[in-house]
Amino acid sequence: VKVFIHARALLRYNAHSFSIVLQGNGNVWTLVFLFLPHTVLPKQNGRVAIVTGGARGMGYETARHLASLGMHVVIGIRNVIVVCVFCVLFTVEFLFLDLCSLKSLRQFVHRFKARALPLHVLVNNAGIMLVPEGKTEDGFELHFGLNYLGHFLLTNLLLDKLKRSGRHDACSRVVTMSSATHYVGRLNMEDLQGRSCYSAHGAYSQSKLALVLFTYHLQEKLAAGGFPVTSNAVDPGMVDTDLYNNLCIPAQAAKKPVAKMLFRTPAEGASTAILAATASQLEGVGGCYFYNGERTESADMTYDHNVRAELWKQSCALVGLQEA
């Protein structure tokens, strides 16, 4: 059951009871029931997070909520105009980041590391959906390059920070936004860029499948090395965000009334990512796919070690990393 007026709320409840903390301005309040069972989100004072695509949609809600828990949030963002609006509302830090550019990714990591901050949470949130065929600055298909390869490189470049910042009783966490579309995704190792036959739907679902494969293989490597870092994937459900702006005009018109009734708000969509980034009961838990705040099974292919290893190997070659 949900009641919306306008503002923000934090739901806290455990196995025996729940309480709701409301925040708002004047007489404007919101009551939000999030479906996160048996969850108390602890304060995050002293912890540092990076959120990609944190200026709008689910990224905005994730960054805002992490900041409200006391976390120092660094947002990787390409649109500097949005920063001015965000800065008026919340105290966060922004660093320019273009996930379509390997050069920009490396510059972002260099600037972040120059700050000498620890890094406890990395939320790989930014993404595009159903865009016309195009290429990134480095010649990668847009969905594969931005949604997947950009976050693959970013995570690998920040792994040393995550490893040093985590402890075995307080692990650093990598939270990667996937989608239910990964279940229908197909991975062609001979044509990851979709050059032989481009399909916007196919490219998007492949990028989300690749993110789950990456999440699991990263966790396997971290566990093998005994590092205090966990890696999990999140499915936010169907969320009413700007990602649907690339639908054709008739489809957009049909989507609007349906979205109001059936789609989740960005705040609801972000709730599972927030859970994965902060919940105490997920301490030390990695290699999972979360939906509605609970662990669920991902596509069968994602559990194939050989597929994960081959994708990792090819990804390292594409972005210029030595496989480790």
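This is a predicted model: local features need pLDDT of at least 70, side-chain atom pairs count only at pLDDT 80 or more; totals for chains, interfaces and linings use all residues.
Where is threonine 52? It sits in strand S3. What lies 2.9 Å from a polar atom of its side chain? That is the backbone nitrogen of alanine 126. Setting aside neighbours within four places in sequence, threonine 52 has contacts that include Gly76, Leu97 and Leu99. Val123, Asn124, Asn125 and Ala126 are also among its contacts, and so are His151 and Leu154.

Now the sheet. Eight strands make up an open sheet, and its order is S5-S4-S3-S6-S7-S8-S9-S10, with mixed pairing. S5 and strand S10, residues 294–296, stand at the edges; each has a single partner strand, so one side of each is left without a neighbour in the sheet. From one strand to the next, the twist averages 25°.

As a reminder, strands of a sheet pair through backbone hydrogen bonds, either parallel or antiparallel.

Next, two helices. Helix H1, residues 57–68, packs on the sheet and touches strand S3 (48–52), strand S4 (72–77) and S6. The direction of H1 makes about 170° with that of S3. Helix H5, residues 200–225, lies across S6, S7, strand S8 (229–235) and strand S9 (289–291). H5 runs at about 160° to S8.

Valine 92 is in the loop between helix H2 (80–89) and strand S5 (93–96). Is valine 92 buried or exposed? Valine 92 is buried, at a relative accessible area of 15%. Valine 92 and alanine 63 are 29 residues apart in sequence, and their C-alpha atoms are 8.3 Å apart in space.

Last, the chain as a whole. Its secondary structure comes to eight helices and ten strands. Of its 324 residues, 54% count as buried. Among contacts with a separation of 6 or more, 70% are between residues 24 or more positions apart. The accessible surface of the chain is about 14900 Å², and 57% of that belongs to carbon and sulfur atoms.

Note on methods: Residues are numbered from 1 along each chain as its sequence is written. Side-chain values use heavy atoms; hydrogens and water are left out. Helices (H or I, at least four residues) and strands (E, at least two) are DSSP runs, numbered from the N terminus. Buried means under 20% relative accessible area, exposed over 50%, partly exposed in between (1.4 Å probe, protein chains only). Two strands pair if DSSP finds at least two bridges between them. Axes are lines fitted to C-alpha atoms, for helices over the stretch in contact, and angles run from 0 to 180 degrees between N-to-C directions. Contact means heavy atoms within 4.5 Å. Accessible areas come from the Shrake-Rupley method with a 1.4 Å probe; for residues, only the protein chains shown count as cover. A polar contact is a pair of N or O atoms within 3.5 Å; within protein, one must be able to donate a hydrogen and the other to accept it, and residues adjacent in sequence count only if both atoms are side-chain atoms.
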